[in-house]
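Visitor: I'm new to this one. Could you walk me through how to read it?
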Amino acid sequence: MNTVMVLGAAGFIGRHLCRELTNKGIKVLAATRKPAEFASPLVENAVSPYSEPGHFQTALEYADALVHVASETTPGSSSANPLAESRHLRSNLSLIEALQA
């Protein structure tokens, strides 16, 4: 495996995952909505709204694997107000459409 795309790479879990992958010598395509800095030169930050299938196309062609750890909120608040996750729902649907293309 050469490159892993990590959705939510700038978050708590995503940053830890990126560090572990790069410690093993694996390149990471860090998919984020806002620019983020990473300590390792093996991490490339790919900034996009990820709201349309086309936003994923190039990145998916570049990556050998995909890990999705993006979340706007904590599980408790997500279940209390599921509509707060609508932006992530759109991203998830766009990702599925891009994978089917």
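We'll start with the overall layout and then move to single residues.

Guide: A word on ground rules before we start. This is a predicted model, in which local features need pLDDT of at least 70, side-chain atom pairs count only at pLDDT 80 or more, and totals for chains, interfaces and linings use all residues. Residues are numbered from 1 along each chain as its sequence is written, and side-chain values use heavy atoms, with hydrogens and water left out.

Visitor: How many helices and strands does the protein chain have?

Guide: Helices (H or I, at least four residues) and strands (E, at least two) are DSSP runs, numbered from the N terminus. Here you'll find 4 helices and 4 strands, and from the N terminus on they run β-α-β-β-α-β-α-α.

Visitor: What share of the residues is buried?

Guide: Buried means under 20% relative accessible area, exposed over 50%, and partly exposed in between (1.4 Å probe, protein chains only). Of the 101 residues in the protein chain, 36% are buried.

Visitor: Which residues make up the largest nonpolar core?

Guide: In soluble globular proteins, nonpolar side chains tend to be buried together. A nonpolar core is a set of buried Ala, Val, Leu, Ile, Met, Phe, Trp, Tyr and Cys residues joined through side-chain atoms within 4.5 Å. The largest one here has 12 residues: Met5, Leu7, Leu29, Ala31, Ala46, Tyr50, Phe56, Ala59, Leu60, Ala63, Leu95 and Ala98. Strand E1 (3–7), strand E2 (27–32), H2 and H4 each give two or more residues to this core, and H2 supplies the largest share, with 3 residues. There's also a second, separate core of 11 residues, with Val6, Ala9, Leu21 and Ala36 among them.

Visitor: Which aromatic pair does the structure hold, and how is it arranged?

Guide: A pair of aromatic rings is described by the distance of the centres and the angle of the planes. Rings of Phe, Tyr and Trp (its six-membered ring) pair if their centres lie within 6.5 Å; planes under 30 degrees apart count as stacked, over 60 as edge-to-face and the rest as tilted. The structure holds 1 such pair. Tyr50 and Phe56 are its partners, 5.0 Å centre to centre with 45° between the planes, so the pair counts as tilted. Tyr50 is buried at 6% relative accessible area, and Phe56 is buried at 1%.

Visitor: Where does Tyr50 sit?

Guide: Look in the loop between strand E3 (43–47) and helix H2 (54–62). Tyr50 also has a positive phi of about 50°, although it is not a glycine.

Visitor: What does Ser91 touch?

Guide: Contact means heavy atoms within 4.5 Å. Not counting residues up to four places away in sequence, Ser91 touches Arg33, Pro49, Tyr50 and Phe56. Ser91 belongs to helix H4 (residues 86–100) and is buried, with a relative accessible area of 8%. A polar atom of its side chain lies 2.7 Å from the backbone oxygen of Tyr50.

Visitor: And Thr22, is it buried or exposed?

Guide: Thr22 is buried, at 11% relative accessible area, and lies in helix H1 (residues 12–23). A polar atom of the Thr22 side chain is 3.1 Å from the backbone oxygen of Arg19. Leaving out residues up to four places away in sequence, Thr22 touches Val28, Ser40, Leu42 and Val43.

Key: A polar contact is a pair of N or O atoms within 3.5 Å; within protein, one must be able to donate a hydrogen and the other to accept it, and residues adjacent in sequence count only if both atoms are side-chain atoms.
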